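Please read this report alongside the sequence and the 3D view. It covers charges over rings, salt bridges, pockets and local backbone features.

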Amino acid sequence: MNRSVMIAAAVLAVIVAYFGARSLLRGSLGSEIAPAEAAGPAATADAIVVTAERQVHQLHVGAKGRTAPDKSVTVKSGTAGTVISTPVREGTFVTQGTLLCGLDVEARSARVKEAEANRNAAKVDFDAAASLAAKGLAPANREAAARAGLDASEAAVNSARVELGRTQIRAPFDGVFERRLAEAGDYLSPGSPCGLLVDLNPVIVTAEVAEAEASLLKPGMASSVLLADGRTFPARLRYVARTASNQTRTFPVEAELETGEATVAAGVTATLTIPAGDVEATLIARSLLTLSDAGQLGVLQVLPDDTVSFAPIRVIDETPEGAWVTGLPAQSTLVAIGQDYLNDGVTVRPVAQGGARP
């Protein structure tokens, strides 16, 4: 056997010995690890928790809305004619009966005089017929016919006066003449608008509340309104709808503001807040909220045996301090950090946020 063959054999022997030793080492390590794995999972993890207690909370129903006038009417013409006067400026407060638009009377005034003349003639005929009938010089039916003629002429006078009155478009109630919709020279047909009249005494707030909140409200409840400019006014709920909107499934509500001498415009964004009674609830930080696999809102609580359990809750109010929720026991221990990494049934070591075990 030459020298090169001997060297190759020696190298092969070393390699075989090396890999054999590695196989023996792996076998011994596997026998040590297997019992450890069979013993169960790793040690229980720590969980940062907070305690929460149920308490009495005054429930508030809040809704976004806008201010609006108590009444808003587009005053319209009741007859045809040309506008000849618009005596009221826009933005002026007017009383009931104030002339807003005047139409050309044209022949209407003459028709009134004609009807009055016919009425006067009918009155003379009736008086004569009645006198003759009383003396027995005329039949009774003549007096009746004269009475019918007089009544018809009276009706004609009233009709002519009503038609003449329609040329004077007047305010139906006290309010602000918000916008003029007809100018001098415009021709108005029956139903054409003269102007917009609004009643801002009182100013109201219109808003909509959710289905769950509507059942808590009733007319007469005290409330408060925060306007977009920062002013706050007391208010009183005056209307709560009992039929939901088909589109939004919400219920319209109205509250009447107590503004005193302050001026509040219509159409301003407003936040309506209504105290709706006391309820037992738990105040928690919003960061504690989580979702179950089914998408249900809730929190993770630690039970007395240190196991984690998902507790479904319902948020009934939100404040700067946190969310008020129902569905938790009188006292509960809640997972404060790592809710997304814990599941139902996991055993933990609860540690309060200060570091001590609760």
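## Charges over rings

Arginine 147 lies over the face of phenylalanine 126, at 4.2 Å from the ring centre. Lysine 71 places its charged end over the ring of phenylalanine 173, 5.1 Å from the centre. A charge counts as over a ring if NZ of Lys or CZ of Arg is within 6 Å of the ring centre and within 35 degrees of the ring normal.

Aromatic pairs are absent: a search of the whole structure finds zero. Such a pair needs rings of Phe, Tyr or Trp (its six-membered ring) with centres within 6.5 Å; planes under 30 degrees apart are stacked, over 60 edge-to-face, and the rest tilted.

## Basis of the model

This is a predicted model, with residues numbered from 1 along each chain as its sequence is written. Local features need pLDDT of at least 70, side-chain atom pairs count only at pLDDT 80 or more, totals for chains, interfaces and linings use all residues, and side-chain values use heavy atoms, with hydrogens and water left out.

## Salt bridges

The structure holds 15 salt bridges (a side-chain nitrogen of Lys or Arg within 4 Å of a carboxyl oxygen of Asp or Glu). One of them joins the side chains of arginine 238 and aspartate 70, at 2.8 Å from N to O. Arginine 238 is in strand β10 and aspartate 70 in strand β1, so the pair ties together parts 168 residues apart in sequence. Strands here are DSSP runs (E, at least two residues) and helices are runs of H or I, at least four residues, numbered from the N terminus.

The largest pocket has a volume of about 340 Å³. Of its 17 lining residues, Leu200, Val203, Ala262, Thr263 and Val264 are the closest to its centre. Two elements give two or more residues to this lining: β1 (45-76) and β8 (193-209). β8 has the largest share, five residues. By class, the lining has ten nonpolar, five polar and two charged residues. Ala, Val, Leu, Ile, Met, Phe, Trp, Tyr, Cys and Pro count as nonpolar, Asp, Glu, Lys and Arg as charged, and the others, Gly among them, as polar.

The second largest pocket has a volume of about 230 Å³. Its lining includes Thr290, Phe310 and Asp344. The classes here are four nonpolar, four polar and three charged. On a 1 Å grid over the protein atoms alone, a pocket is an open set of points where a 1.4 Å probe fits, with protein on both sides within 12 Å along at least five of seven lines; lining residues have an atom within 4 Å of a point. Points join across faces, edges and corners, and volume is the space filled by probe spheres set on them.

## Backbone features

Proline 202 is in strand β8. The peptide bond to proline 202 from asparagine 201 is cis, with omega near 10 degrees.

Arginine 249 is in the loop between β10 and β11. Its phi is near 60 degrees, a positive value in a residue other than glycine. Most residues other than glycine have a negative phi, and most peptide bonds are trans.
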